[in-house]
Amino acid sequence: MPIANWLTFRQTSDSIALEKNLRTLKAVTGQDKETLLKLHAITTGYMSALAQLAGEDAYSISPEIKQVSGAIQASDSLKINADHVSAYSNIAQRVADWALAAKQAKDIKQMVRQNGADMDKLLEAMQLATQAYGIVLEQEIQSYELVADYRQAQWSAKLPGDVGLTPERREVIATVLRRSTQADLAAQQQALKAQQAAAAGLDRVRQAHEVMLKNVDRLSAKDVQAILRQASSDLKSIRQSISDF
């Protein structure tokens, strides 16, 4: 019997249930990642737009905005509520309006004040979503480890139907399982590391935005522009981290 068939043969109701749970978790992380990327695109577009508006040049729309299609939805798993959804919609519409109006630098402080609350709510949504994503990643790792342990335990036991399973073949299967587990867990740990980097970056961006909003009337246009440009740069790094999840 080929090794692939032996692997299928060894599945029990318990191992099937564990693998079903693992597939469910992977589906959740896939859906949540799409929402995170949408949140990121709008947030980056907003910061980039304001940074350009704070300068002397007319505004040209950020490429991240063009990548967004459709709104986000409230999500219990990501801790995103109706207020976050509304803030997302408001910011997306305002950035689109700026693209049409091509407003200039004289509007920058008014825009920061006008949109500050929604932007803070959007950054909060990104923080909550990223934290929730990390929890799901940790659950996925734990579930995978259970599946891997269960498989190893199955191959350590002698069961009816093992007549054709020689010690050599059993060792080959055990080796394949170990190597596969090591590779998968390494990838999952890397995704968790990327999630943690994104969470740390979002903390910095939200704090900087809070400082800017609180002191906007005392800051020069160049100071505001510098804060926004740094936030845009941080958000680009965060996007890379999200892509590595």
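Me: Starting with A191: buried or exposed?
Reply: A191 counts as buried, because its relative accessibility is 6% and the cut-off for buried is under 20%. Keep in mind that this is a predicted model.

Me: Which helix is A191 found in?
Reply: Helix α6, which covers residues 167-215.

Me: And what does A191 touch, leaving out residues up to four places away in sequence?
Reply: L137, D244 and F245.

Me: How far apart are A191 and E138?
Reply: In sequence they are 53 residues apart, and in space 9.9 Å, going from C-alpha to C-alpha.

Me: Switching to T130. Where is its place?
Reply: T130 sits in helix α5, residues 108-156.

Me: Is T130 buried or exposed?
Reply: Buried, because its relative accessibility is 0%.

Me: What does T130 touch, again not counting residues up to four places away?
Reply: The list is L36, Q195, A198, A199, L202 and F245. F245 also turns up among the residues that A191 touches.

Me: Zooming out, how many helices and strands are there in the protein?
Reply: There are seven helices and zero strands. Read from the N terminus, the order is α-α-α-α-α-α-α.

Me: What share of the residues is buried?
Reply: Of the 245 residues, 43% are buried. As for the surface, the protein exposes about 12,900 Å², and carbon and sulfur atoms supply 51% of that.

Me: What part of the contacts with a separation of 6 or more comes from residues 24 or more positions apart?
Reply: That part is 84%.

Me: Now α7. Why does the distance between its end C-alpha atoms agree with its residue count?
Reply: Helix α7 has 23 residues, 221-243, and at 1.5 Å a residue it should span 33 Å; the end C-alpha atoms are 33 Å apart, so the two agree.

Me: Which residues of α7 are buried?
Reply: V224, Q225, L228, A231, S232, D234, L235, I238, S241 and I242.

Me: Last topic, confidence. What is the average pLDDT?
Reply: The average is 76, and 72% of the residues score at least 70.

Key:
Residues numbered from 1 in each chain as written. Predicted model: local features only at pLDDT ≥ 70, side-chain atom pairs only at ≥ 80, totals over all residues. Heavy atoms only, no water. Helix = DSSP H or I, 4+ residues; strand = E, 2+ residues; numbered from the N terminus. Buried < 20%, exposed > 50% of the residue type's maximum accessible area, 1.4 Å probe, protein only. Contact = heavy atoms within 4.5 Å. pLDDT = per-residue confidence, 0-100. Expected span 1.5 Å × (residues − 1). Areas by Shrake-Rupley, 256 points an atom, 1.4 Å probe, with all protein chains shown as cover.
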